[in-house]
Every structure is written in C-alpha cells, then in structure tokens.
Amino acid sequence: RSRILQAQLLAEQEAAKKTEEIQNEMYMAKQRAAADAAQYAAEREAAGWALKLTPQFLEYTFLQAISNNTKMWWGERLPAMVTDQRLLGGLFDGLRAEKDKRGPAGQA
C-alpha cells in the first residue's frame, strides 16, 4: 500500500512540475512577443521621425512655436530672437524674393 501511495505522490509531483514548466514557457513566450512588439514599434517610430525631421518641418515647428508666443513687442527694438536669420532659416529672404518678383506696389 505504501508503494502505491508513493508512486501516486511521485506522479502528482511530476505532473505539477510539468505543468509549472509549461506555464513558465508560456509566460516567457508572451514576454518575448511583447518585447519584440515594443522593439518593432520603436524601430518604426524612429524611422518615421527620421523621415519627418526635414529642414522644412523643423522650420514649420519653429514658426508654430514662435506664433504661439503670446508676448507682443512694441517699439523700435525687437528681441534678437525675432529677427535672427539663423533661426528663421532664410524666411525673410524668400519673402523678399517673392516681393521682388511682384514688383513695386505688389503688381505681378
């Protein structure tokens, strides 16, 4: 009788061990899948930003940030940031060229 109980107890322990191993494998597979998905998403986001970060986009976001500024300056002296050509990326040059094309008094 004792051998039967010992064999049954041993079989139960082995079954529990196999069940735990299967659960561990399932957990690891789920964790690997989540890590792979996060890595793929990060790679795709980085590739998207690489395509998006053009000089034109940076100038656009800079001009948006400047336009969202609620400060108004009056008088003869403007802060250097407002007229700094390095920050505006030659924006005034493009406007000046367009004005020169139209001729005096805005005629085409």
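**Figure 1. Aromatic rings in the predicted model.** Rings of Phe, Tyr and Trp, the last taken by its six-membered ring, count as a pair if their centres lie within 6.5 Å. By this rule the chain, a predicted model, has 0 aromatic pairs.

**Figure 2. Lys-52 and the ring of Trp-49.** Lys-52 is placed over the face of Trp-49. The distance to the ring centre is 5.2 Å.

**Figure 3. A nonpolar surface patch made of Trp-49, Leu-53 and Leu-58.** Together these three residues have about 290 Å² of accessible area. Leu-53 sits in the loop that lies between α1 (2-52) and α2 (55-67).

**Figure 4. Helices of the chain and the confidence of the prediction.** The chain contains 5 helices and 0 strands. Read from the N terminus, the order of elements is α-α-α-α-α. Mean pLDDT is highest in α1, at 95, and lowest in helix α3 (residues 80-83), at 55. For the chain, the mean pLDDT is 80, with 64% of the residues at 70 or more.

**Figure 5. Accessible surface of the chain.** The chain has 108 residues, and 2% of them are buried. Its accessible surface is about 10100 Å². Carbon and sulfur atoms account for 59% of that surface.

Definitions and conventions:
Residues numbered from 1 in each chain as written. Predicted model: local features only at pLDDT ≥ 70, side-chain atom pairs only at ≥ 80, totals over all residues. Heavy atoms only, no water. Phe/Tyr/Trp six-rings, centres within 6.5 Å; stacked < 30°, edge-to-face > 60°. Lys NZ or Arg CZ within 6 Å of the ring centre and 35° of its normal. Helix = DSSP H or I, 4+ residues; strand = E, 2+ residues; numbered from the N terminus. Buried < 20%, exposed > 50% of the residue type's maximum accessible area, 1.4 Å probe, protein only. Areas by Shrake-Rupley, 256 points an atom, 1.4 Å probe, with all protein chains shown as cover. Patch = residues over 30% accessible without salt bridge, like charges linked within 9 Å, V, L, I, M, F, W, Y side chains within 5 Å. Salt bridge = Lys/Arg side-chain N within 4 Å of Asp/Glu carboxyl O. pLDDT = per-residue confidence, 0-100.
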